[in-house]
Amino acid sequence: MDFSFFKKSWFGSDKDAPAVTPPNQATTETSFVKVPKLPTSSPKKNNIPKGMWVKCPKCSRLVYDKDLDENLKVCPGCAHHFPLDAWSRIFSLVDENSFQELNGQLTSKDPLGFKAVDSYKNKLQKNQKKTGMLDAVVTGVGKINKHKVALGVMDFRFLGGSMGSVVGEKLTRIIEHATSKKIPVIIFSSSGGARMYEGMLSLMQMAKTCGALAYHSQKNLPYISVLTNPTMAGVMASYAGVGDLILAEPEATIGFAGRRVIKDTTQAELPDGFQTSEFLLDRGLIDSIIPRKEMKDRLSYFLEFLGSKAK
Ligand SMILES: [Zn+2]
């Protein structure tokens, strides 16, 4: 269509708008007067090391990073639970020098050759460098107050703790190891769900891990699932949701589909605290909410109750 009959005056301007162009690079380079560059901030400010103080998202208190580490990443002001990496969690739980990692060498092969904005291969490499882990779970055997257990601990930092074939395989192997050694299994979940970069192969891990847990259960061996913030989707719908005991950390987000998806689908107002540990404890899905600092002692109490003998 021809729009030439439109006049600029109709839009309140008779003149052409002045052209806004960046200053010519050549003229600034040939200028004789050099303008000194001023520092953007005072040097004193730069002396403060980055990341020494952390602001609590719940009570806004500034917490010294080292204090937070010593407090197992729990805010000393309001007991808000910050994310905890897999190895720190393991060291907070097991008896000294008792943990032995198993199948730590497994890595994903990128079976689909997945590419989007970035390739899955690149994403894996970046996350491995960032976390020092090969995938999103650490598995092994250790002792909790002298109770021998098989332990699987997920790490949300690695691709959102997503469950790909390596997470599924490592968990299945540790569950099968526990079945053959006749010891309990404890899995700490922290995950956004299945890993989409591995398509159906990641969904298959739901059935595989639950199958291994069924064999473990047939031998009358206990499985304790601990849900931490967040435990969602394919992980909650498989091994995280089938524990003989299901425990959770305070105020963790736990569910299958996200809150917004449910609201849009059902067109209903969702109640306060929906998809939190406290909400699910009230409705019977979770057996107990345990603060991080009490976790080790409570776990050994439950292990004793479920018939595991301290050795
Ligand atoms: Zn706080």
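K146 comes out as partly exposed, with 13 other C-beta atoms within 10 Å. On this scale a residue is buried if 20 or more other C-beta atoms lie within 10 Å of its own, exposed if 12 or fewer, and partly exposed in between, with C-beta atoms placed from the backbone. K146 sits in the loop between β4 and β5, and its phi is positive, about 75°, although the residue is not a glycine. The model is a predicted one: local features need pLDDT of at least 70, side-chain atom pairs count only at pLDDT 80 or more, and totals for chains, interfaces and linings use all residues. Numbering runs from 1 along each chain as its sequence is written.

Overall, the protein has 11 helices and nine strands; these are DSSP runs (H or I, at least four residues, for helices; E, at least two, for strands), numbered from the N terminus. Of the 311 residues, 33% are buried. Among contacts with a separation of 6 or more, 67% link residues 24 or more positions apart, a contact being two residues whose C-beta atoms, placed from the backbone, lie within 7 Å.

The largest nonpolar core holds 51 residues, and I175 and I186 have the most contacts inside it. Such a core is a set of buried Ala, Val, Leu, Ile, Met, Phe, Trp, Tyr and Cys residues joined through C-beta atoms within 7 Å. Helix α6 supplies the largest share of this core, six residues. Leaving out residues up to four places away in sequence, I175 touches A150, V185, T209, A212, L213 and H216.

Just past the end of α6, K182 takes a positive phi of about 55°.

The axes of α6 (residues 165-181) and α7 (residues 199-218) come within 9 Å and cross at roughly 5°. That makes α6 roughly parallel to α7. Axes here are lines fitted to C-alpha atoms, for helices over the stretch in contact, with angles from 0 to 180 degrees between N-to-C directions; angles under 35 degrees count as roughly parallel. Residues of α6 in this contact include L171, I175 and E176, and those of α7 include K208, A212 and L213.

R89, in helix α4 (residues 86-93), counts as buried, with 24 C-beta neighbours inside 10 Å. Neighbours within four places in sequence aside, R89 is in contact with L84, V153 and F188. Its C-alpha atom is 9.9 Å from that of K73, 16 residues away along the chain.

A few other spots are worth a look. L72, in the loop between α3 (65-70) and α4, has a positive phi near 55° without being a glycine, and with 17 C-beta neighbours inside 10 Å it counts as partly exposed. The peptide bond from N229 to P230 is cis, with omega near -15°; P230 lies in strand β7 (residues 223-231).

How values were computed. Parallel < 35°, antiparallel > 145°, perpendicular 65-115°, else oblique.
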